[in-house]
Amino acid sequence: MDEVSCEVRYAAEGPYPPVEVEGKNRQYAQAIGSNVGGSASEMSAVARYFYSHVTLVGCEEVADCLMRIAVVEMRHLDIFARLARQLGEDPRLWAVNRGGRRYWTPEYLRYPQRVDQVLRYALEEEKGTIQKYRQQMLWIRDNNVQANLQRIIEDEEVHVRLLTDLLAAYGPNQDLDFGLQTKAIR
């Protein structure tokens with residue numbers, strides 16, 4: 001089996017832009033707040049990668065890579081929380097939904113037990129995140145918020161490449177048994 005090394009970069013090259021906004025904006029704040037604590041959020045990403053890191057017993061290489069990605073996602077969580085606060089929103093783990101607030105919950109997550117499912121779901125979520133942030137960039141007119149969104153998208157693109165490589169190495173054609181799984185991947 002080809003091994004995928006986590007010695008690769010798991011964040012894009014280059015510095016992050018300053019975490020500052022041009023001014024308060026409630027609409028921007030709510031959108032950025034959804035990146036903190038919505039169903040498709042950095043909190044969900046951190047929780048998903050942490051859970052998989054802990055449960056992928058017997059596949060330490062994948063587990064280590066997922067934990068390294070989780071650390072990058074924690075940085076994104078911090079950036080978005082600080083931006084939401086500066087824009088005028090309380091950066092709790094919640095998102096505005098139909099005029100009300102809904103707190104983040106672990107019910108937002110899927111809990112796969114096979115490594116190929118873990119990687120497929122993570123890849124799907126990363127691609128959805130990139131699409132969400134690109135959509136936000138189309139209407140948010142704060143240059144500093146846009147710069148942070150763009151930099152975070154670059155990290156998410158690194159994650160897509162890494163997860164794609166991991167899936168190729170540890171996909172369904174591999175005969176692996178990972179502790180909690182109900183059957184080996186075939």
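Which residues does Asp155 touch, not counting residues up to four places away in sequence? Keep that question in mind while the model, which is a predicted one, is open in the viewer.

Begin by selecting Asp155, which is found in helix α5, and display its surroundings: leaving out residues up to four places away in sequence, Asp155 touches Ala11, Ala12, Tyr16, Val72 and His76. Now show the side chains of Asp155 and Tyr16, which are joined by a polar contact of 2.4 Å. Asp155 counts as buried because its relative accessible area is 0%, and buried means under 20%.

Next, select the largest nonpolar core, which has 51 residues, and highlight Ile32, Val62, Leu119 and Leu163, the members that touch the most other members. Centre the view on Val62, which, not counting residues up to four places away in sequence, touches Leu56, Val115, Leu119, Leu166 and Tyr170.

Finally, move to Arg134, which is found in helix α4 and which, at 44% relative accessibility, counts as partly exposed. With its neighbours within four places in sequence left aside, Arg134 is in contact with Ile153 and Glu157. To end the tour, draw a distance between the C-alpha atoms of Arg134 and Gln146, which lie 12 residues apart along the chain and are separated by 9.3 Å.

Terms used
Residues are numbered from 1 along each chain as its sequence is written. This is a predicted model: local features need pLDDT of at least 70, side-chain atom pairs count only at pLDDT 80 or more; totals for chains, interfaces and linings use all residues. Side-chain values use heavy atoms; hydrogens and water are left out. A nonpolar core is a set of buried Ala, Val, Leu, Ile, Met, Phe, Trp, Tyr and Cys residues joined through side-chain atoms within 4.5 Å. Buried means under 20% relative accessible area, exposed over 50%, partly exposed in between (1.4 Å probe, protein chains only). Contact means heavy atoms within 4.5 Å. Helices (H or I, at least four residues) and strands (E, at least two) are DSSP runs, numbered from the N terminus. A polar contact is a pair of N or O atoms within 3.5 Å; within protein, one must be able to donate a hydrogen and the other to accept it, and residues adjacent in sequence count only if both atoms are side-chain atoms.
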